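Please examine the predicted model below. The account that follows moves from one element to the chain as a whole.

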Amino acid sequence: MIGRIESIKKVYEGKILEADENIKLLLNNPRIIPEHTDLNKEIDHWLEIKEKNFSKLQHIIAYIPKEEKKDG
């Protein structure tokens with residue numbers, strides 16, 4: 001069970017990191033996507049992905065047995 005939880009955790013953590021990097025890129029380089037006239041919409045899209053995966057991460061962490069939480 002712990003192996004499955006860890007693999008799901010890594011998926012969510014990866015998506016959070018991806019969203020963070022894309023948000024930073026869009027904020028620091030607003031001309032990165034010239035065909036997009038609405039950068040706010042694109043940033044909002046990545047914020048939603050980050051929020052959704054962070055929430056999922058918090059839920060899956062709740063399934064880690066208490067003795068595992070103390071060690072890690």
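Helix α1 comprises the 27 residues 2–28, which at 1.5 Å a residue should span 39 Å; the C-alpha atoms at its ends lie 38 Å apart, in agreement with that expectation. Its buried residues are Ile 5, Lys 9, Tyr 12, Ile 16, Ala 19, Ile 23 and Leu 26. Helix α2, residues 39–61, is among the elements that cover them.

Lys 9 forms a salt bridge with Glu 6, with 3.7 Å between the closest N and O atoms. Because the two residues are 3 positions apart in α1, about one helical turn separates Lys 9 from Glu 6. Glu 6, at 29% relative accessibility, is partly exposed.

Lys 24 is partly exposed at 45%, as is Glu 21 at 47%.

Which residue forms a salt bridge with Lys 50? The partner is Asp 20, at an N to O distance of 2.6 Å. This pair joins distant parts of the chain, since Lys 50 belongs to α2 and Asp 20 to α1, 30 residues apart. Lys 50 has a relative accessible area of 29% and Asp 20 one of 22%.

Across the chain, the elements run α-α-α from the N terminus, with 0 strands. Buried residues form 22% of the 72 residues. Of the contacts with a separation of 6 or more, 67% involve residues 24 or more positions apart.

Key
Residues are numbered from 1 along each chain as its sequence is written. This is a predicted model: local features need pLDDT of at least 70, side-chain atom pairs count only at pLDDT 80 or more; totals for chains, interfaces and linings use all residues. Side-chain values use heavy atoms; hydrogens and water are left out. Helices (H or I, at least four residues) and strands (E, at least two) are DSSP runs, numbered from the N terminus. Buried means under 20% relative accessible area, exposed over 50%, partly exposed in between (1.4 Å probe, protein chains only). Contact means heavy atoms within 4.5 Å. The expected span of a helix is 1.5 Å times one less than its number of residues. A salt bridge is a side-chain nitrogen of Lys or Arg within 4 Å of a carboxyl oxygen of Asp or Glu.
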